[in-house]
Amino acid sequence: MNATTMKPVGAADAAQAGGSPAAAPTAAIAPTTATAAAPWHAGERQLQARIGMAERMAQVGAKVIRPYMPDQHRAFFAQLPFLVAGAVDGQGDPWAGVLEGEPGFAVSPDPATLRVAVVPDADDPLRAGMGPDQPLGLLGIELHTRRRNRMNGRIAAWDGRRFEVAVAESFGNCPQYIQARDFHFSRSPALRFPGPVRERTGLADADRALIARADTLFVATYADTDEAGRRVDVSHRGGKPGFVRIDGDTLTVPDFSGNRFFNTLGNMLLNPRAGLLFIDFERGDVLQVSGRAEVILDSPEIEAFAGAERLWRVHVQRVRARPGALALRWRFGGYSPTALATGQWPQATAA
């Protein structure tokens, strides 16, 4: 990644860029310069080398990982009703969560900046990892078109109601394994349903039921690197219902063929922690868990699960369940063709 200088963006700049639903945050960080670094860190390179792709990915990385948002990505983020975010709290635990708003709540006034007009609710564990100069991973995903783009960076301005992210890494992802869903708002996203939420140390029966029927999850990970400091990433995973195995408080997930970036699993090799997000798309319920992670590269279970190239596990240690937390609702439109070609744990276990 090349060096990037971020300066706070004022309201006048926003108007010139096409407007924003909210003024720029008032509490801005002094300009900083990111440290230049190679596109891949040691964990990513290790997995790329294992499949014989290290040399190829070294060439690809410089072309696809950009220190700015292309115009296509800037327009894409501005049309979304939600973003998935990944952050790290004060205990060093990663969390994945949802930021939602009417399309236009996230805008890019310039290629080096993304301005977001909402922050997580107080009961969302994502909130504990957000604030001035905190690293953040963002995934823009449009379920009905199966489009997705990633942007990672640092919070460069924050006032507790909105924030700006200085872009460090921006790159696209393919539509594989994304199930099609059309969205609508069940209420105004400005109306919050905080409710009493207690953190637990293990999964409840209702949590396991949600996970068992899930065809989609999001995973937040991070790594502390010498080249670029802390790098946070949040990614999508999809399959047929039953693609996540539940053994008490341990979740096992197959890793299918993808872009060979290995952002998620590479982070887990360097820092075995992960935060998972499950959404009940019809009810707006949110389940967030965080725990110890491991990557499994050799196991008979890999061969038994159709489409799996490796496995990863999360040993759940912290849980937040927030019923009805989202204003968004989605209607299922169809499985991804690549997801339909993959397996499910009941069949894999029998094999």
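Tutor: Start with the cavity. On a 1 Å grid over the protein atoms alone, a cavity is a set of points where a 1.4 Å probe fits but cannot get out. Its volume is the space filled by probe spheres set on the points, which are joined across faces, edges and corners. By that count the second largest cavity holds about 100 Å³. The model is predicted: local features need pLDDT of at least 70, side-chain atom pairs need pLDDT 80 or more, and totals for chains, interfaces and linings use all residues. Residues are numbered from 1 along each chain as its sequence is written, and side-chain values use heavy atoms, without hydrogens and water.

Student: What makes a residue part of the lining of the second largest cavity?

Tutor: A lining residue has an atom within 4 Å of a point. V98, L99, E100, V118, V119, P120, D121, D124, R192, R322, A325 and L326 meet that for the second largest cavity. Strand β4 (residues 94–100) gives the most, three residues; a strand is a DSSP run of E of at least two residues, and a helix one of H or I of at least four, numbered from the N terminus.

Student: How many polar residues are in that lining?

Tutor: Ala, Val, Leu, Ile, Met, Phe, Trp, Tyr, Cys and Pro count as nonpolar, Asp, Glu, Lys and Arg as charged, and the others, Gly among them, as polar. The lining has seven nonpolar, no polar and five charged residues.

Student: What lines the largest cavity?

Tutor: It has 25 lining residues, with R237, D255, F256, G258 and N259 nearest its centre. Nine are nonpolar, ten polar and six charged. The largest cavity holds about 370 Å³.

Student: What makes a space a pocket instead?

Tutor: A pocket is an open set with protein on both sides within 12 Å along at least five of seven lines. The second largest pocket has a volume of about 200 Å³. β15 (273–280) and β18 (328–334) are the elements giving two or more residues to its lining.

Student: Why are α2 and α6 called roughly perpendicular?

Tutor: Angles run from 0 to 180 degrees between N-to-C directions, with axes fitted to C-alpha atoms over the stretch in contact. Helix α2 (residues 42–50) and helix α6 (residues 263–270) pack at about 115°, axes 7 Å apart. The range 65 to 115 counts as roughly perpendicular, under 35 as roughly parallel, over 145 as roughly antiparallel and the rest as oblique. Therefore α2 and α6 are roughly perpendicular.
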